[in-house]
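Have a go at each task before reading its solution.

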Amino acid sequence: MCVSLLGWLSIESFICERKLLFFGRTCRLPYSAVSFRILLRRLIDARYNQYDTRSGFACDIIEILTKYGLSKYLDQFLNDGQFPSSAIWKSVVKTSIYQVEVVKWHHRMAVDPDFVVFKDIHSFCVPHAAWRVALRHPLMRRQAHFVTSTCCLIRENLQNNRILCDKCGKLFDDPCTHAILSCDYTVDARDQFWRSGSLRKYD
């Protein structure tokens, strides 16, 4: 979830994107290519259940296509051998994955109590302002890392229990407040951050 502070989607979605792009390249090979003929045979076997195909690339790619609402491209390929060009397929894949993953991201933010407070400071899957500042001002990278790392600590303490910090040994109620104001482990980062000025000044 915290990779969303960088504007990234899940690692799983990145792997699925690579698989889908590889699938597209294979589907555009000439019919005489061995890789194309093997893939076509495996897809037909997996789609029509001619034998046990619970594992393997063909079965995997069918699940991924279904997951991201791209099954129609497989149907078209099996029916008439047509497949989108490289540029079109890449755009379709990226758009579909982004839409599905963002919906999942918002759903988890809505149902997971750990993100009740986090979603108030980062409600969109885009790079956090601190990282955008660091991109324009490379010398602020350490401070940006401190800010975003602190954001990852933000959560609601529903039971109001005192928490023991595994970094400095102090007890605290709110991890974000502790990291910003009193944790001995982050004191150097805090001092450097305040000396360099507020990130808001540069945003």
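**Exercise 1: a residue at the surface**

Ile-11 belongs to helix H1, which spans residues 11-27; helices (H or I, at least four residues) and strands (E, at least two) are DSSP runs, numbered from the N terminus. This is a predicted model, in which local features need pLDDT of at least 70 and side-chain atom pairs count only at pLDDT 80 or more, while totals for chains, interfaces and linings use all residues. Residues are numbered from 1 along each chain as its sequence is written, and side-chain values use heavy atoms, with hydrogens and water left out.

Task: decide whether Ile-11 is buried or exposed.

Solution. Step one is the scale: buried means under 20% relative accessible area, exposed over 50%, and partly exposed in between (1.4 Å probe, protein chains only). Step two is the value: Ile-11 has a relative accessible area of 60%, so Ile-11 is exposed.

**Exercise 2: aromatic pairs**

Task: find how many aromatic pairs there are, and work out which parts Tyr-73 and Trp-89 tie together.

Solution. Start with the rule: rings of Phe, Tyr and Trp (its six-membered ring) pair if their centres lie within 6.5 Å; planes under 30 degrees apart count as stacked, over 60 as edge-to-face and the rest as tilted. The count by this rule is 7 aromatic pairs. One of them, Tyr-73 with Trp-89, is edge-to-face, at 5.4 Å centre to centre and 70 degrees between the planes. Tyr-73 lies in helix H4 (residues 71-80) and Trp-89 in helix H5 (residues 86-111), so this pair ties together parts that are 16 residues apart in sequence. Check burial next: Tyr-73 is buried at 15% relative accessible area, and Trp-89 is buried at 0%.

Phe-77 and Phe-83 also pair edge-to-face, with 6.0 Å between centres and 90 degrees between planes. Phe-77 is buried at 3% relative accessible area, as is Phe-83 at 14%. Finally, ring pairs link Phe-23, Tyr-31, Phe-36, Tyr-73, Phe-77, Phe-83 and Trp-89 into a cluster.
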